Amino acid sequence: MAPQPLIAGNWKMFGTSASLGEAKAIADGAACIRARVAICPPAILIHRISETLVGSCVLTGGQDVHWDDEGAFTGDVSAAMLADAGARLVIVGHSERRTSYRETNEIVARKVQAAVRAGLEPIICVGESLEQRKAGETEAFVTAQVRESIPDELIGKSFSIAYEPIWAIGTGLTPTLEQIAEVHAAIRATLKARLGGQGAEVNILYGGSVKPANAAEILAVDEVGGALVGGASLKAADFLAIIAAV
Ligand code: PGA
């Protein structure tokens, strides 16, 4: 049976303790009946937001994780630290990390291994640039990212893939519903080839300018099992409207 869709909010580098009120409003307003819901705040807020969410169905997640369990890595955060702070999930391989910090599929796969060791559920991001789309390379690029970012350690474990075209992130642009369906179908086929029956059950989220106004039609596309939401997850009213669109 396919898992419940997942609606995850990626707060990126936005928010301070003043944002705890938004998290509380999301916790109070999210029923989680048709979807699982998660907020991925900056690492420094995970502990306080996890405490704010106690008693609600909303989960907390990290936005990134180091590939080693501990060590001399100034400024980094380990999977065990995220879990200790209350996180249950973690975003890995977001395009902003792949681009700004040169994270390769190999690094992403190692981060996924670290997440699994700490019992965190990874959300693995993939997606093409505008140049790759124009060159007709989308499917080959994205499916290679999926194949190479999934380590064997994920066999039998819960995780999601988030398809996020780089040109749709934070731009207000979205692919057509047909384009979303095409890439999601290609990702599904890749997951089945890689993981057999388990590959049929993995949620494939869509991300990139998901808003209350377009959430229902995107979430209704074949093989879309949820959304990874950036900007629109920062305001409780918008995020709750997206959750209600499932
Ligand atoms: P956006 O970001 O919803 O602001 O486009 C999505 C993401 O980067 O996960």
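**View 1. Leu 89 and the residues it touches.** Leaving out residues up to four places away in sequence, Leu 89 touches Leu 6, Ala 38, Leu 59, Thr 60, Gly 61, Gly 62, Leu 120, Glu 121 and Ile 123. Contact here means heavy atoms within 4.5 Å. This is a predicted model, in which local features need pLDDT of at least 70 and side-chain atom pairs count only at pLDDT 80 or more, while totals for chains, interfaces and linings use all residues. Residues are numbered from 1 along each chain as its sequence is written, and side-chain values use heavy atoms, with hydrogens and water left out. Leu 89 belongs to strand 4 (residues 89-92). Helices (H or I, at least four residues) and strands (E, at least two) are DSSP runs, numbered from the N terminus. With a relative accessible area of 0%, Leu 89 is buried. Buried means under 20% relative accessible area, exposed means over 50%, and partly exposed lies in between (1.4 Å probe, protein chains only). From C-alpha to C-alpha, Leu 89 and Glu 148 are 20 Å apart in space, and they are 59 residues apart in sequence.

**View 2. Thr 138 in helix 7.** Look for Thr 138 in helix 7, which covers residues 138-149. Its relative accessibility is 8%, so Thr 138 counts as buried. If neighbours within four places in sequence are set aside, Thr 138 is in contact with Glu 128, Gln 132, Arg 133, Tyr 163 and Val 183. Tyr 163 returns in the next view, where its ring has a partner.

**View 3. Two aromatic pairs.** Rings of Phe, Tyr and Trp (its six-membered ring) pair if their centres lie within 6.5 Å; planes under 30 degrees apart count as stacked, over 60 as edge-to-face and the rest as tilted. By this rule there are two aromatic pairs. Trp 67 and Phe 73 have ring centres 6.5 Å apart and planes at 65 degrees, so this pair is edge-to-face. Trp 67 is partly exposed, at 25% relative accessibility, and Phe 73 is also partly exposed, with a relative accessible area of 31%. For Tyr 163 and Tyr 206, the ring centres are 6.2 Å apart and the planes are at 65 degrees, so the pair is edge-to-face. Tyr 163 lies in strand 6 (residues 160-163) and Tyr 206 in strand 7 (residues 203-207), so this pair ties together parts that are 43 residues apart in sequence. Tyr 163 is buried at 0% relative accessibility, and Tyr 206 is buried at 0% as well.

**View 4. Arg 97 over the ring of Tyr 101.** Here a charged side chain meets a ring: Arg 97 lies over the face of Tyr 101, 4.0 Å from the ring centre. A charge sits over a ring if NZ of Lys or CZ of Arg is within 6 Å of the ring centre and within 35 degrees of the ring normal.

View 5. The ligand is surrounded by 13 residues, and the closest are Lys 12, His 94, Glu 164, Gly 170 and Ser 209. A residue is near a molecule if one of its heavy atoms lies within 4 Å of it. A polar backbone atom of Gly 170 is 2.7 Å from an oxygen atom of the ligand. Ser 209 has a backbone N or O atom 2.7 Å from a ligand oxygen, and for a polar backbone atom of Gly 230 the distance to an oxygen of the ligand is 2.8 Å. How much of the ligand does the protein bury? Taken alone, the ligand exposes 280 Å², and the protein buries 96% of that. Accessible areas come from the Shrake-Rupley method with a 1.4 Å probe; for residues, only the protein chains shown count as cover.

**View 6. Asn 214 and Ser 209.** A polar atom of the Asn 214 side chain lies 2.9 Å from the backbone oxygen of Ser 209. A polar contact is a pair of N or O atoms within 3.5 Å; within protein, one must be able to donate a hydrogen and the other to accept it, and residues adjacent in sequence count only if both atoms are side-chain atoms. Asn 214 sits in helix 9 (residues 212-219) and is buried, at 12% relative accessibility.

**View 7. Positive phi at Lys 12 and Cys 32.** Lys 12 is not a glycine, yet its phi is positive, at about 50 degrees. Lys 12 lies in the loop between strand 1 (6-10) and helix 1 (20-29). Cys 32 has a positive phi near 55 degrees and lies in the loop between helix 1 and strand 2 (36-40).
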